[in-house]
Amino acid sequence: MLPWKRVLRPLTALLLTAAVALVPAATAHADSAPSSGWNDYSCKPSPAHPRPVVLVHGTLGNSVDNWLGLAPYLERRGYCVFSLDYGQLLGVPLFHGLGPIDKSAEQLQVFVDKVLTATGATKADLVGHSQGGMMPRYYLKFLGGAGKVNALVGIAPNNHGTTLSGLTNLLPYFPGAEDLLSTATPGLADQVVGSAFMAKLNAGGDTVAGVHYTVIATQHDEVVTPYRTAFLSGSDVHNVLLQDLCPLDLSEHVAIGLIDRIAFHEVTNALDPAHATRTTCASVFS
C-alpha cells in the first residue's frame, strides 16, 4: 500500500466522524429519533418483517450518530427499528461504548426485553457496528440472549481482538499505559487482542446454536486489524467481504457503518434472506 493511503484512510475516518458529530441530530437522544419507525415504541412488526431490529452502536458512538444512515434506510423498508446507548462513562457525553463490555451486554439485555415487550415480538434481530457487532455475542452466549434473538449482523465487528494496526504492541514500552487504558476506558481495553474478555468470549467457539450470524467486513479496515479477524467460525455463519460485492468500495471502518449503502443492502439480505437480492456496486442506488 502506498504511504499516502495509510495517511488518508485514518484521516478520512476522522473527518467522517467529525462530520456526523456536527449534524444537529447528534445532540438528540434516541427517544427523539424519528417517530415513524426509529425508536417508535408503538411500531408493530409487519408480516413481511415480523421482528424488530435493534441497532447497536460502536465504540465512541451513540444511538443517534451511528445510525443516521442505516436506521432510516431500514425504516423506509418497513422495519421497526430501535437503537440504544450503552457503555456510558460518568462525565463523558455523546461518546459511548467505553464501559466494561460485559456490563454493556447487560444493558443490551434490558433494552431487547423492552423492545420485545413493546412490539409483542418473540425475537429480535440485532445489527451492530464495530464493538456493537461483537458485544451482543456476550449477551447471546452468557446472558440468555440466544432465546430472544433470531440473527446478529455485525458490520466490521471486532470479534477476535485488534492490534489497532499494531499500536497496541507499543503498550509494553510505556510503563503504566496498559493499566491506564484499562482503568480509564475498559471498553477499549477489553477489545485488545489477547485480553481476558476476548479469551472468555471466544472460548468454546464463536457462536451459539439457534442464532443466524452474518459478518460484513472491509479490507480497508484500519481499526479491526487484520480485517479477517472480524470473521466468525460456525455452522450458521455467513462471512462477507465488502470488496467481493463491489471491488470499487473503499469504505474503511467508520464509513462501512455510517454511510455505505452497499453494506446496508447486504444487511437487509441478512435480515430477510428469503427475499435477498444480489448486492453489487449498483446497490448504492437501491
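Author: Begin with the cut-off: a salt bridge is a side-chain nitrogen of Lys or Arg within 4 Å of a carboxyl oxygen of Asp or Glu. The model here is predicted.

Reader: How many salt bridges does a search of the whole structure find?

Author: The search finds 4. One of them joins lysine 148 to aspartate 113, with the closest N and O atoms 2.7 Å apart. This pair links distant parts of the chain, 35 residues apart: lysine 148 sits in the loop between helix H4 (131-142) and strand S4 (149-155), and aspartate 113 in helix H3.

Reader: Which residue forms a salt bridge with aspartate 206?

Author: Arginine 137 does, and the closest N and O atoms are 4.0 Å apart. Again distant parts of the chain are linked: aspartate 206 lies in the loop between helix H7 (196-202) and strand S5 (212-217), arginine 137 in helix H4, 69 residues apart. Buried means under 20% relative accessible area. Aspartate 206, at 12%, is therefore buried, and so is arginine 137, at 3%.

Reader: What separates lysine 103 and glutamate 106 in helix H3?

Author: About one helical turn, because they are 3 residues apart in helix H3 (residues 101-119). Lysine 103 is partly exposed at 47%, as is glutamate 106 at 35%.

Technical notes: Residues numbered from 1 in each chain as written. Predicted model: local features only at pLDDT ≥ 70, side-chain atom pairs only at ≥ 80, totals over all residues. Heavy atoms only, no water. Helix = DSSP H or I, 4+ residues; strand = E, 2+ residues; numbered from the N terminus. Buried < 20%, exposed > 50% of the residue type's maximum accessible area, 1.4 Å probe, protein only.
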